[in-house]
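Have the viewer open as you read.

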Amino acid sequence: DSTLNDFLQFARPRNPQHRPVDLSSMAGDLISIIWSDEDTVGDIEAKTDLPEEVFLVECDGNQIRQVFWNTILNGIQSMHGKGALRVSLCEEGDMARIEISDTGPGIPREELTKVFEPFHTTKPRGTGLGLPIARRIIMAHGGDIRLDSVVGDGTTAVITLPVHNPDA
């Protein structure tokens, strides 16, 4: 089911339905939900650097939640039950900057160039569509996503989104 859903979402993306969304609250809620499942997180420590005040962005909350969810789970899976995952959010000019960092093994440079290619995966049960879908969603919102990684030190997903959508 998961593979079919990933494929259908990649093949038939929906247009974002922009509404004001509190990214700080969304990220905090996702961390709480994910960390309530001890089997998923093991001994991984969750760290957050999120604004306490409302941090509104005009976006499709369901689509952005999916990007955050998948990116956080990728980081957790890379650490195999040990390490730390940090989620931070700040405003840089007219963009929201979200960083999701893990202390996993990092991604070799030759793999890093392929992570956004459809169907490319290093996971035994992965579809290779999670990051291509995430990129498509973020780009449809006028933002960007990239991975910065150092082998042995971990990986950071850097997501930027416009704070105000002129088309909304």
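Start with helix H2 (residues 23–35), which lies across S2, strand S4 (82–92), strand S5 (95–102) and S7. H2 runs at about 170 degrees to S4. For the labels, helices (H or I, at least four residues) and strands (E, at least two) are DSSP runs, numbered from the N terminus. The angles run from 0 to 180 degrees between N-to-C directions, with axes taken as lines fitted to C-alpha atoms, for helices over the stretch in contact. Contact here means heavy atoms within 4.5 Å.

Before going further, a word on what you're looking at: this is a predicted model, where local features need pLDDT of at least 70 and side-chain atom pairs count only at pLDDT 80 or more, while totals for chains, interfaces and linings use all residues. Residues are numbered from 1 along each chain as its sequence is written, and side-chain values use heavy atoms, with hydrogens and water left out.

Helix H4 (residues 61–79) also lies across S2, S4, S5 and S7, running at about 150 degrees to S4.

Now for the sheet itself. It's an open sheet of five strands in the order S2-S4-S5-S7-S6, with mixed pairing. Its edge strands are S2 (43–49) and S6 (144–150), each of which pairs on one side only. Two strands count as paired if DSSP finds at least two bridges between them. On average, neighbouring strands of this sheet are turned by 15 degrees against each other, direction ignored. In general, strands of a sheet pair through backbone hydrogen bonds, either parallel or antiparallel. Take S6 and strand S7 (residues 154–162): they run antiparallel and are joined by seven bridges. Across that pairing, Ile145 stands opposite Ile159 in S7.

Back in helix H4, pick out Thr71. What does Thr71 touch, leaving aside its neighbours within four places in sequence? The contacts are Ile100, Ala157 and Ile159. Thr71 counts as buried because its relative accessibility is 7%; the cut-offs are under 20% relative accessible area for buried, over 50% for exposed, and partly exposed in between (1.4 Å probe, protein chains only).

On to the charges. A search of the whole structure turns up three salt bridges, a salt bridge being a side-chain nitrogen of Lys or Arg within 4 Å of a carboxyl oxygen of Asp or Glu. Arg97 meets Glu92 at 3.8 Å, N to O, and Arg97 also bridges to Glu99, with the closest N and O atoms 2.7 Å apart. That links Glu92, Arg97 and Glu99 in a network. Arg97 is buried at 17% relative accessibility, whereas Glu92 is partly exposed at 42% and Glu99 is partly exposed at 22%. Elsewhere, Asp148 forms a salt bridge with Arg146, the closest N and O atoms being 3.1 Å apart. Asp148 is partly exposed at 34%, and Arg146 is partly exposed at 35%.
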